[in-house]
Amino acid sequence: MSAERPLQELPCLSENLDGSLLCMSQSKAKKRPCAYGDGLHTENTPHELIQNWSPPHKQPRPCAKGKENCFVLARRPRRSRDTAGVLCWDTLPDELLLGIFSCLSLQDLLRTSRVCKRWHRLAFDESLWNSADLVGKAQLNSELGQVLTAGVSRLRCPHSCIGEPCFKNTQLLRVQHLDLSSCTVQTSVLEDILSRCRRLQNLSMEGLVLSDSIFRSLSENTELVRLNLCGCSGFSADSLTEMLQSCTKLEELNVSWCDFSSEHVKAVVNNIPSTITQLNISGYRQSFTMDDVKVLVERCPNLTHLDLSDSVLVTTDSFPFLQKLSSLRHLALSRCYQIHPAALVEFEKFVTLQTLEVFGLIQDSSLPILSKGLPRTQINTQPFSGVARPTAATRKDRTLWGMHCRLVYKP
């Protein structure tokens, strides 16, 4: 074994850096590409690294001399509507939008209709305008035409001032329940509205001036069940006869205090349908006779409500005829002055009678005595008749023959 060789001195790194392992590793590192860009394989200052990793700065647009402060408006590109996972109003189907619109009030629905053409079309869909209550809207012009043509089935707008509805076509209306009581409206406008109706079931025109043309239009509504003509005028007995002969499904009829002659009263009595169960024919002092009572009982044996108030010619001789009405529950003979108060005790024979209105025939002091004689009957409880009226006088809710309206106008 040879003698041990003395240790050789390692070269100083400071003297020869080119042959060192550090230099070799650095040279290899230069050949490998870096994923973070240039400058990471060398010893750069932090400022240089920040500059290399930061996004490029926008280059200033060249401006002409003297226009250094000018600027350019640029529009951002619209987002794609087909972006997955993003919901917007435009992508919702019509059925879902209609479901949302059905929860809106009348005012909000009208505001929604002004957003765009699509929303306007959906906002006036027939399914949303099934029923409307416009009470409180003092003036109705084009609004009434829009509501009717939108396909409303129930419409309540009494005590309103109606102008020109301005229908855009001759299409028939879908309205079935209509309350125009005590409206301020021209007869020609009423003729235009009712000439477009064929599906009416309940109609109230209390206090309006009508015409023969209106009654000819009513004759075409053969499904009419309730008709309120209290205080109406302007039509002939012949047109009234034609209407009663055509509307064979009438159940409630109010023709009280109309501008009737004896011919009008005879037209009602001789042509009233046998389907009538509630009738108010009060207010015809010298025109309604005892013979009319007899004919009414024969033609309408199923009467449950009968109001003959203010018929001066009706006497106690009418009691045997009225007793033939086996279903009679409510009878009004107020201010029939030919009936003696003592004769009212005979109504004890009316087994089915529940209420008896005899205002003006008996004094308040004598009322307890009569009530004792008629223990099963309530006396003088309803001063106003509710026959065929949309809302009874004793009720303050906004109903239409017991039906509520979804769209309600709130001033």
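In helix α9 (residues 237-246) of this predicted model, the buried residues are A237, S239, L240, T241, M243 and L244. Their cover includes helix α8, strands β7 (226-228) and β8 (252-254), and helix α10 (262-271). The chain as a whole has 411 residues, and its secondary structure comes to 13 helices and 16 strands.

**Helices α8 and α9**

- The axes of α8 and α9 come within 8 Å and cross at roughly 10°.
- An angle under 35 degrees counts as roughly parallel, so α8 is roughly parallel to α9.
- On the α8 side, the residues that meet α9 are D212, F215, R216, L218 and S219.
- On the α9 side, S239, L240, E242, M243 and S246 meet α8.
- Sorted by class, this contact has four nonpolar, three polar and three charged residues.
- S239, L240 and M243 of α9 are among the residues that meet α8, and S239, L240 and M243 are also buried.

**Helices α7 and α8**

- Helix α8 (residues 212-219) also packs with helix α7 (residues 187-194), at an angle of about 15° and with the axes 9 Å apart.
- α7 and α8 are therefore roughly parallel to each other.
- The crossing in which α7 passes α8 is left-handed.
- From α7, the contact is made by T187, L190, E191 and L194, and from α8 by S213, I214 and S217.
- The residues of this contact divide into three nonpolar, three polar and one charged.

**V293 in helix α11**

- V293 is found in helix α11 (residues 290-299).
- The relative accessible area of V293 is 2%, and buried means under 20%, so V293 is buried.
- Leaving aside neighbours within four places in sequence, V293 is in contact with F288, L308, V314, S318, F321 and L322.
- V269 lies 24 residues from V293 along the chain, and the C-alpha atoms of the two are separated by 8.5 Å.

**The chain overall**

- Buried residues make up 41% of the chain.
- Among contacts with a separation of 6 or more, 61% are between residues 24 or more positions apart.
- The chain exposes about 25,000 Å², and carbon and sulfur atoms supply 53% of that area.

Key
Residues are numbered from 1 along each chain as its sequence is written. This is a predicted model: local features need pLDDT of at least 70, side-chain atom pairs count only at pLDDT 80 or more; totals for chains, interfaces and linings use all residues. Side-chain values use heavy atoms; hydrogens and water are left out. Axes are lines fitted to C-alpha atoms, for helices over the stretch in contact, and angles run from 0 to 180 degrees between N-to-C directions. Helices (H or I, at least four residues) and strands (E, at least two) are DSSP runs, numbered from the N terminus. Angles under 35 degrees count as roughly parallel, over 145 as roughly antiparallel, 65 to 115 as roughly perpendicular and the rest as oblique. A crossing is left-handed if the near helix is turned anticlockwise from the far one by less than a right angle, and right-handed if clockwise. Contact means heavy atoms within 4.5 Å. Ala, Val, Leu, Ile, Met, Phe, Trp, Tyr, Cys and Pro count as nonpolar, Asp, Glu, Lys and Arg as charged, and the others, Gly among them, as polar. Buried means under 20% relative accessible area, exposed over 50%, partly exposed in between (1.4 Å probe, protein chains only). Accessible areas come from the Shrake-Rupley method with a 1.4 Å probe; for residues, only the protein chains shown count as cover.
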